[in-house]
Amino acid sequence: MKNHDLVIIGGGPAGLAAAVSAKDHGIDDIVIIERDKEPGGILNQCIHNGFGLHTFGEELTGPEYADRFICQTAARKITCQLNTMVMDLKAGPDFKTVTAINRKDGIFQIHAKAVILAMGCRERPRGALNIPGTRPAGIFSAGTAQRLVNMEGLMPGREVVILGSGDIGLIMARRMTLEGAHVSVVAELQPYSGGLKRNIVQCLNDFGIPLKLSHTVTDIEGTDRLCAVTIAQAGPDGRPVPGSETRYPCDTLLLSCGLIPENELTRGAGIRIDPVTQGPVVSDSLETSAEGIFACGNVLHVHDLVDYVSLEAAAAGKNAARYIRGGRSAAGGTIAIRPENGVRYTVPAFISPDGTDETVTVRFRVDRIYRNHTIAVYFDNTPVSRRKRPVMAPGEMEQVILDRKKLAASPDLHSVTIRIEAPA
Amino acid sequence: MILPPLFSFRISCEKENHTMYDIAIIGAGVTGCAIARELSRYDASVCVLERGEDVCCGTSKANSAILHAGFDAAPGSLKAEFNVRGNAMMDALCEELDIPLKRNGALVVCTKEEDRPALAQLLDRGVTNGVSGLRIIERNELIRMEPSVSDDAVCALYAPGSGIVCPFEMTIAFAENACANGVSFFRDTEVLSLHRTTEAGGGYEIRTVRTGTETEHIFTAKIIVNAAGVYADRFNNQVSSRHLHITARRGEYFLLDKTAGSHVSRTIFQLPSAMGKGVLVTPTVHGNLLIGPTAGDVEDKEAVNTTQSGLSALTASCARSVKDIPLRQVITSFAGLRAHEEGGDFIVGEASDAPGFINAAGIESPGLTSAPAIAERVAAIAKDLLSLREKADFIPVRRGILRPQTLTMEERSALIRRHPEYGAIVCRCEMISEGEILDAIRRPLGARSLDAVKRRTRAGMGRCQSGFCSPRTMELLAREVPMAVTEITKSGAGSAILTGVPPKPQKDGKE
């Protein structure tokens, strides 16, 4: 049995930034547990640029962005235990028990005063989409294809169709094209893209790749290797419109149909999960329903930009440090944040009135595209702020920053409501 | 796409030059492999010819994975006889061959008062067939046993002897044990045609082609066992004038995440119909929830595709017996083909006008349960025909892949000290280690494709459906077999995972 003040599960962008922050807030005994052979997580396969504009004021590639944080952890002599898989997490008031496995130590346990969950997310597989057809080779999640191309130097296909317009799918449309493949179409079930606007412009429009909104794959053909998919228009109920089918001969289908926070350990620890985000329910200190266990990054909710992951992770690191030093939970917040009218969820889900930060950042996503709508905030039934946004889209995160002084000025406050409202 | 030859000929028990056998079995599904294992008790030379790149590539890999109790088949039928016998053999067999089996019991749920007579009839049939422990339970008891059963449930037939097994593990276990006892397996070997030789002593000539190539090869055998699944009629009809007619009856399934695996604890059937046992809802022996099958006859015997209508029908049908099924937890859907012979029963025995041609045909449900009993019968026929004697050195026991998850923490750590590869997790969803994957590749009849690794280890069978582990498993296959990574397939010839490597830029920057 080993003892550590802080165990961070996952050495991707969230875990690294959380470690740096915890160290800077006075915690020395930190260990990051990473299952891969190097830290950096999924950034290592994101060799395109566009990372770090907010954090560093310059455009970096994924590995470069990761490297900044890897260097910061190294400079702080933070231990990152690589090639190690956490198998189990148990919550507890005095210590949390982390069970992990690797080649060198076998199975071992760590008692930690606090734990930060930073396991990231995974892609939704074909099976979860219920696309009928055969099950040939040539169907990949976009991220798996990205790994094969960018890290292994292998080519998963030549004639490509992409289902889903999540960011990885868009990025891979460009990547596959640059590698000599032909991407004939990107189909998206929703009437809007799930990805960033800039990716649609830079990865599809610039390469003449059509994006078919409200379209989905309705059949997959090929007994050995994929030979064709059928794409049809999706009606308002999401069902294919008869007669709208087009058959696309192809050898590869990439899926970019959503990301799912990877919360097996979280569930195993009995931590409450939000059914919308599929991440843990957290307070404004990013503490989960289990005392001393914090969460940040894509394990908490899927982010659009890694810069926000880093910010959130820094907050989690700071709060975990405070918990370890004070040994007191900030959980049990009493002010609920209610997502309403177009707001799908909020992170955090509630606010602890005795928090010490000057502001509370509430991040959320909207349920469809809104033009010239307003983000309205209410303290109970009293409107407190309105902010007009020219465009809001489900592919991009929105945020509201609440002033702690204003919260403190309303001692009987039960809930904060965030709504999308039409222009007056 | 023509791929370079795969590797089955390099396996020690797959001899390229030995083309004469006493007995040739066509098909390495659960029936063919069970027969191979049973025949390997005797002093005969036996081969198995399989067109797939692995054993367990057809109906055996896509079915309900149920050890049926035996109340469903018509009394007096071969189905009834072999089902009950096979069920009774299963505990000892699974022990010997290290096959996961759980006797979780089954319930046939009756949702309408007017269907009670049909349920009673099922009970009578079961009793006639020799199934023990059957009884009808009323709603109160039913709800206590299975709280998620439909609100419309009136009563149910309870069959405590029903169970769940892993059909991959069962087929592979039979094959590995047969292999250990000297049976030669030729994978990637498709039988094109059969004919009786004119030589004295009879026998058959078997023309084969290497799957994915045009390389032909002739085998001869004194006895042929026809365990060719949906194609068994083709081979029978080449040598016998008593024609069989096998229809592929497609069944579509949903497999749900392990988080849904305890939604029911027993196998929940609906009342059977003419087309089969209806849609069942069952936990699997590995802890997932399985829903299916639909039943629809298809002309194409390769039509293992799922359909929009089939999946919709499943969604509607499963709610009739079980409520609140978390269908959002579906991790994959798949389809299998039942080999339905038009007579409705198994065809097991020597064809009357083709001496030495033994059918194990029309093996649809309850084929998995019946496999050991069918094997016993076929082996007895072959034994008589060739006057075979039992070998003294038959090895009855087979050990499966070591499963570290079944060990205590101390045992597992000790294992990792001896073999560090058991400390490296490759498949995060099912927590499968590198050690298990290496075992799957290195053992006799080892895995050569991603699907073959999956069926042996469960790596890639979890909720991410191999998105995470497939590049890692490919690395291990490439290193261990060894083979070029571009040669690795999902499931044999034509199913290469990769289409190559990207063009390398020249030094001057041009491609």
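**Stop one: a threonine in a loop**

Select Thr406(B): its side chain reaches the backbone oxygen of Arg403(B) at 2.6 Å. A word on ground rules: this is a predicted model, where local features need pLDDT of at least 70 and side-chain atom pairs count only at pLDDT 80 or more, while totals for chains, interfaces and linings use all residues. Residues are numbered from 1 along each chain as its sequence is written, chains are lettered from A and ligands numbered from 1 in the order in which they are written, and side-chain values use heavy atoms, with hydrogens and water left out.

Zoom out a bit and you'll find Thr406(B) in the loop between helix H8 (367-386) and helix H9 (409-418) of chain B (helices are DSSP runs of H or I, at least four residues, and strands are E runs of at least two, numbered from the N terminus). Is Thr406(B) buried or exposed? Exposed, with a relative accessible area of 62%; the cut-offs are under 20% for buried, over 50% for exposed and partly exposed in between, using a 1.4 Å probe and protein chains only.

**Stop two: where the chains meet**

Now show both chains. In contact (heavy atoms within 4.5 Å) are 46 residues of chain A and 50 residues of chain B. The area buried between them is about 4,100 Å², with carbon and sulfur atoms giving 56%; buried area is the accessible area (1.4 Å probe) that two parts lose on being put together, summed over both. On the chain A side, pick Arg103(A), Ile107(A) and Arg135(A): these lose the most area to chain B, together 17% of what that side buries.

Next, select Arg428(B) and Glu262(A). They form a salt bridge, with the closest N and O atoms 3.0 Å apart (a side-chain nitrogen of Lys or Arg within 4 Å of a carboxyl oxygen of Asp or Glu). The count between chain A and chain B is four salt bridges. Colour chain A by element, and those giving two or more residues to this side include strand S8 (106-117) and helix H4 (142-150).

**Stop three: inside chain A**

Colour chain A by domain: domain 1 (1-122 + 258-332), domain 2 (125-257) and domain 3 (333-424), with bounds from an automatic or database domain assignment. The C-alpha centres of domain 1 and domain 2 of chain A lie 31 Å apart. Their contact takes 13 residues from domain 1 and 14 residues from domain 2.

Conventions. A polar contact is a pair of N or O atoms within 3.5 Å; within protein, one must be able to donate a hydrogen and the other to accept it, and residues adjacent in sequence count only if both atoms are side-chain atoms.
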